[in-house]
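Thanks for coming, everyone. Please have the sequence and the structure up on your screens. I'll walk you through a few parts of it.

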Amino acid sequence: MTDFTLWDIVRNLLLAGRWTVVLSLIAFAGGAAVGLVLTLLRMGGFKPIRWLIRLYVDVFQGTPLLMQLFLAYFGAAALGFDVSAWTAASLALTLFTSAFLCDIWRGCIEAVPSGQWQASRVLGLNYLQSMRHVILPQALRLAVPPTVGFSVQVIKGTALASVIGFVELTKAGTMLNNAAFAPFTIFALVALGYFILCYPLSRYARYLEKRLYGAGIR
Amino acid sequence: MALVSVKDLHKSFGDLEVLKGIDLEIESGEVVAVIGRSGSGKSTFLRCLNQLEQHDWGTIHLADQRLDGTAMSPGELSQNVGIVFQSFNLFPHKTVVENVMLAPLVVKQTPRAEARKIAEEVLDKVGMLEKIDAYPAQLSGGQQQRVAIARALAMDPKVLLCDEVTSALDPELVGEVLLVLESLAKEGMTLILVTHEMKFARDVSHRVVFMHQGRIHESGDPQTLFTQPKTPELAQFIASVL
Ligand SMILES: Nc1ncnc2c1ncn2[C@@H]1O[C@H](COP(=O)(O)OP(=O)(O)O)[C@@H](O)[C@H]1O
Ligand SMILES: [Mg+2]
C-alpha cells in the first residue's frame, strides 16, 4: 500500500471536486431551462398541461433523489439504453432541479399582486405582454434569493451521484479512503469542500433576501 | 348621439343580482359623479363599462361602437375607456415615465420618441413632470395616484372612469388628486367618477347619479339633487355622509 501525504489527498479531492462543480452547473443550467418552460406552461390556461406539470413536480419532490438517480441509471439500462454515469446523473439532477425551480418560480409569479395584472390588462396589454413587461420582471426579483438558495441543494445533491459510480467529490473521498484509510481526515476534507462551495451561495442568498425585503418591494 | 350609452345593464354574481337594469347616457365632455352606499353596485358598474366584468344582459355603446361582447380587444378598449382605481397599482419596477410609456409602446406600438413626448404631456397635466425618473416607491400616495391617472390618459381614452381614487389616500393628499380631476373636467375630458367626496361631486360634476340596490335610484344636476332629494333613500344617504 502506498503512503498518502495530506497533499496527495487534497490534490485528488480537488481534481474530483471539479466534477462536482461541473455536474452542479449542468444540473442547474439544465434545470433552470426546463423549469422555466414548465413554469410558463403551468401559468398558461390549458388545464391538462397544468395538471401534468403539477404531477411532474409532485413526483420529483415526493421521491428521494437517490431513487431518481437509480431509475435514470439502471432504469435506462433495463430499457436497453446504454447510458453513462455522466448522462444518468446529469439527466436525473436536471429533472430534479427543474421540478423544484418550477415550484419556486410559480410561487414567485403568484406572489406578484393581482392588482398588477389588472392594471396591465386595463391598459390594453394581453396575457403575454403583461407577463413579459409587468409580471415576470417583478417575479424575477422575488425569485433570485430562493433560487440561489436552492442551488445549494443542487450542489449537495450531486453527492448522491457517487452511488451510480460517478467520480465526484464524495466518490473520490470513498475511493481515497479505501486506499489510504484515513476516514476522519478524508471525509472532513470532503465536507469542507462542499462547505466552501455552498457557504458563499447561502450567504449570498441571505444577503439578496435582506436587500429585497429591505427595499420594500413587497 | 351620446358618447356613452348604456341600456338595461344587468349583472349577477351567482345568485346575487348586483346590477338590475342600468340605463345611462353620457355626453362628450360631461362629468358624472356616481354616489351611493357601499355594495350598491358602483364599482361593478364601472368594471362592466370597461369589460373587466362581463355583464349578463343589456348593451354598452361608446360613440357609435358597440363596446361589449367580443367586438373589442383589450388593446382597442384601453384606447376608448381608461380606468383608475383606489389602489394605484403602478408598476414598481418601472420609473414614472416608463409606467406611462408602457402601454403606448407595447399596445399602440408608438415610436419611443413620440411615446416619451406623450408621457411628458400627460405627466405635465397631472403636475408630475419633475418626478419623471422617480420610482413609485419614492412617491407619496397622492403623487402615485396622479401618475396612475397620467398612465391612463396616455392611451388617449374617450372616457375616463375613476373608482374612489382618493379613498386610499391620507386626508392631506386628497386635494391634489381632486385638483387634477377638476382640471381634466375643465379641459373637457369625459369623466365618470365614483366618489365619496360629496363636495367635489357637487362642485365639479355636471350630473350626479345615485345608485341604490343595483339601480339608478335618482339622478340630476348636483345642486337640486343635494338640496332637494326626491326619494327618502337619497335623503338618508346625504344625511349620512354630510
Ligand atoms: N367578483 C365578485 N364576486 C362576487 N360578488 C361580488 C364581486 N364583485 C362585487 N360583488 C358583490 O357585488 C355587490 C356590489 O359590489 P360593488 O359593485 O363593489 O359595490 P360598491 O362599489 O357600490 O361598493 C356587493 O355585494 C359585492 O359583494
Ligand atoms: Mg366600490
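Start with the record. UniProt, in an unreviewed entry, lists "transmembrane region" at residues 20-41, 53-79, 85-105, 142-167 and 179-201 of chain A. UniProt positions are in the numbering used here, feature names are shortened, and annotations may be inferred rather than shown by experiment.

Some ground rules. This is a predicted model, where local features need pLDDT of at least 70, side-chain atom pairs count only at pLDDT 80 or more, and totals for chains, interfaces and linings use all residues. Residues are numbered from 1 along each chain as its sequence is written, chains are lettered from A and ligands numbered from 1 in the order written, and side-chain values use heavy atoms, without hydrogens or water.

Now two of those spans. Residues 85-105 of chain A are 100% helix, with end C-alpha atoms 29 Å apart. Residues 53-79 of chain A are 85% helix and 0% strand, and their end C-alpha atoms lie 24 Å apart. Helices (H or I, at least four residues) and strands (E, at least two) are DSSP runs, numbered from the N terminus.

UniProt also places "domain: ABC transmembrane type-1", again from an unreviewed entry, at residues 17-205 of chain A. That span is 84% helix, and its end C-alpha atoms lie 22 Å apart.

Next, helix H5 of chain A, residues 114-122. Which of its residues are buried? They are Gly115(A), Gln116(A), Gln118(A), Ala119(A), Ser120(A) and Val122(A). Buried means under 20% relative accessible area, exposed over 50%, partly exposed in between (1.4 Å probe, protein chains only). What covers them includes helix H6 (127-157) of chain A, plus parts of chain B: helices H1 (42-49), H2 (74-78) and H5 (141-153), and strand S6 (81-84). Just after H5(A), Gly124(A) takes a positive phi of about 100 degrees.

That brings us to the two chains together. The contact (heavy atoms within 4.5 Å) takes 22 residues from chain B and 16 residues from chain A. Phe91(B), His93(B) and Val106(B) supply 30% of the area that chain B buries against chain A, more than any other three residues. The area buried between the chains is about 1700 Å², and carbon and sulfur atoms give 63% of it. Buried area is the accessible area (1.4 Å probe) that two parts lose on being put together, summed over both.

That's my tour. Thank you.
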